[in-house]
Structure formats: C-alpha cells, structure tokens
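Subject: Structure handover

Hello,

Here is the structure I promised to pass on. Please open it first, then read my notes below.

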Amino acid sequence: MRIKSWTTEDRIVRSLEDLRVLRIEYLDIQDNITLRDIEPLCLYTCNQDYDMVFAYCRLRNDYRLFKVDNIQWASLLYKTYSADNHSRRLLNQILRIGEQSGFEGEAEEIIECVVENNNIVTVNI
C-alpha cells in the first residue's frame, strides 16, 4: 500500500478541518525564514495567481496573510484552537490587513467567508 505524500495545501486544509495549529517555516518579504505556529482561518486563491492563507500568527500575536508558495515546510501539531476566539476582533483585523496589503476588495469576501463558515476550507477570489 502506497501512502500519499501530503502537500502544503493538504496540511493547511487538514488544519482548517480539525482546528489544529500548523507549524510553518515561512520565507518573509526580506527573504528571512522564520518558524511560526499559525491558526489558519482561510485558504483562498487571489486573482487566480497564487494561494494565500489568512491566519492568526502566534509568533506575532496578530493576524497575517501568508503566501502559500513562501511556506517552505509545514507540520500539523496536536495543539488545537477555537474558531470562536477569532470573532469580532478578527473582522476588524481582516479589514486592516486588507488595506495594508492592497487587498481591500478581498477583505470583504474573506469576512463573509469567515462569518458564513466559522472555519474556512477554501475560497476563490
């Protein structure tokens, strides 16, 4: 029996489904690799060009957008998180991040997706 090798996207989706913390090595905008534990809330395709993960970053204690292509490595942890902890403050943060990152229009759709599903699997924007 052959075991399928999981992609980064597979691990993100499993994290979303099981509400499990995801540990990633992330290549940031300055080409530094950082180790982060994140709580993914949304996986989506931006303008059909690239996939993004909207997540709570435990290292930065804030919400962040992560480009999937910049995730060098990902591992599911046994730690879990609650989607309920990301309620109203999350919605305000999404709008703030959308403005800072140039994703103003997408921010509204992410909010709709988070509110509708309480835990996102995938969205195309």
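Asp18 counts as partly exposed, because its relative accessibility is 36%. The classes are buried (under 20% relative accessible area), exposed (over 50%) and partly exposed in between, with a 1.4 Å probe and protein chains only. Arg14 is also partly exposed, at 31%. Arg14 and Asp18 form a salt bridge, with the closest N and O atoms 3.9 Å apart. The term means a side-chain nitrogen of Lys or Arg within 4 Å of a carboxyl oxygen of Asp or Glu. Both residues sit in helix α1, 4 residues apart, about one turn of the helix. Arg14, Glu17 and Asp18 are linked in a salt-bridge network.

Before going on, two notes on the source. This is a predicted model: local features need pLDDT of at least 70, side-chain atom pairs count only at pLDDT 80 or more, and totals for chains, interfaces and linings use all residues. Residues are numbered from 1 along each chain as its sequence is written, and side-chain values use heavy atoms, leaving out hydrogens and water.

More on the charged pairs. The count comes to 6 salt bridges. Lys79 pairs with Asp37, closest N and O atoms 4.0 Å apart. This pair links distant parts of the chain: Lys79 is in strand β5 and Asp37 in strand β2, 42 residues apart. Lys79 is partly exposed, at 42% relative accessibility. Asp37 is buried, at 13%.

Glu39 forms a salt bridge with Arg58, and here the closest N and O atoms are 2.7 Å apart. Glu39 lies in strand β2, Arg58 in the loop between β3 and β4, 19 residues apart. Glu39 is buried, at 7% relative accessibility. Arg58 is partly exposed, at 30%.

Now the overall layout. The protein chain has 3 helices and 6 strands. Helices (H or I, at least four residues) and strands (E, at least two) are DSSP runs, numbered from the N terminus. The order from the N terminus is α-β-β-β-β-β-α-α-β. Of the 125 residues in the protein chain, 46% are buried.

Back to α1, residues 8-18. Its buried residues are Thr8, Ile12, Val13, Ser15 and Leu16. Leu19 follows α1 and has a positive phi, near 55 degrees.

Which residues touch the most other members of the largest nonpolar core? They are Ile12, Ile24, Ile38, Val53 and Phe66, out of 28 residues. Such a core is a set of buried Ala, Val, Leu, Ile, Met, Phe, Trp, Tyr and Cys residues joined through side-chain atoms within 4.5 Å. Elements giving two or more residues to this core are α1, β1, β2, β3, β4 and β5. Leaving aside residues up to four places away in sequence, Ile12 touches Leu22, Leu43, Val53, Val68 and Ile71; contact means heavy atoms within 4.5 Å.

Last, the hairpin. β3 and β4 (residues 62-67) pair in the antiparallel sense over 6 bridges. Strands pair if DSSP finds at least two bridges between them. Met52 stands opposite Lys67 in β4. The hairpin has 4 residues between its strands, and Asn61 in the turn has a positive phi of about 50 degrees.

Best regards
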